[in-house]
Amino acid sequence: MAQSKIRFPLILINYKTFREATGRGAVRIASLAEEASRKTGVCFAVAPQATDLRLVAMSVEIPVFSQHVDPVGQGQFTGHIPPEAVVDAGCVGTLISHSERPLGLEAIEATVRRAREVGLIPVVCADSVWKAEAVASFKPDVIAIEPPELIGTGIPVSRARPEVVSGGVQAIKGLEKDIRVLCGAGISKGEDVSAALRLGAEGVLLASGVVRAADPLRVLLELAEGAKAVSS
Ligand code: G3P
């Protein structure tokens with residue numbers, strides 16, 4: 001099963017298009033995540049920009065995700081990201097329908113199917129419990145719940161909107177018990193990760209708290225300790 005390429009609790013770092021995580025920066029953050037993973041035993045994964053996927057996947061052993069794929073084949077499609085190319089670049093999975101790259105339900109379903117076909121782990125993002133329930137029927141391996149209004153604020157979803165995390169977990173598991181659930185938005189501290197796991201999440205999806213940190217390794221180690229405090 002594709003999920004065996006990752007372990008839970010999972011800490012997945014989305015690079016977005018942050019300058020600090022572009023080119024050499026993309027490799028730097030991934031190497032620090034790998035170091036944190038080695039030191040703590042916690043599974044870290046990274047989602048660099050499409051242009052850096054191969055470089056990062058060749059530079060580290062930790063799982064690499066794309067931020068997006070298009071449900072197209074290989075051939076006459078210009079300007080798309082075909083899932084096959086993402087596999088070829090060394091990725092194990094892909095985010096789908098992040099709130100900064102949203103897709104309609106039909107496109108989400110098609111993208112999950114195409115990701116599956118090529119062996120990529122689909123991580124579908126949902127901005128509400130309602131959306132999470134809707135995408136659960138497509139049976140992605142993972143759903144990440146992120147209330148968009150908290151993204152980039154430093155106010156953790158696990159503290160500000162605990163009911164979205166616990167309600168999302170309950171709703172998803174009630175429909176498809178094997179889907180793994182992450183939460184994200186505003187996560188930057190170990191205690192945010194602990195709170196997320198206590199609410200039933202099986203990991204976190206985060207960006208600015210690591211990518212823009214003055215000392216990303218310190219933050220990564222703290223996040224891992226937060227995960228271990230609950231999961232061990
Ligand atoms: O995909 C993760 C993201 O949207 C959360 O962003 O910066 O609040 O951790 P951030």
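## Exercises: a loop arginine and a helix pair

R101 sits in the loop that links β4 (93–96) to α4 (105–118), where helices (H or I, at least four residues) and strands (E, at least two) are DSSP runs numbered from the N terminus. The model is predicted, with local features needing pLDDT of at least 70, side-chain atom pairs pLDDT 80 or more, and totals for chains, interfaces and linings using all residues. Residues are numbered from 1 along each chain as its sequence is written, and side-chain values use heavy atoms, leaving out hydrogens and water.

**Exercise 1.** Work out which residues R101 is in contact with, leaving aside its neighbours within four places in sequence.

*Solution.* 
- Step 1: take contact as heavy atoms within 4.5 Å.
- Step 2: beyond those neighbours, R101 touches H68 and D70.

**Exercise 2.** Is R101 buried, exposed or partly exposed?

*Solution.* 
- Step 1: buried is under 20% relative accessible area, exposed over 50%, partly exposed in between (1.4 Å probe, protein chains only).
- Step 2: R101 has 41% relative accessibility, so it counts as partly exposed.

**Exercise 3.** Describe how α1 and α10 pack.

*Solution.* 
- Step 1: the axes of α1 (residues 24–40) and α10 (residues 216–231) come within 9 Å, crossing at roughly 40°; axes are lines fitted to C-alpha atoms over the stretch in contact, with angles from 0 to 180 degrees between N-to-C directions.
- Step 2: the contact involves residues including L32 of α1 and L220 of α10.
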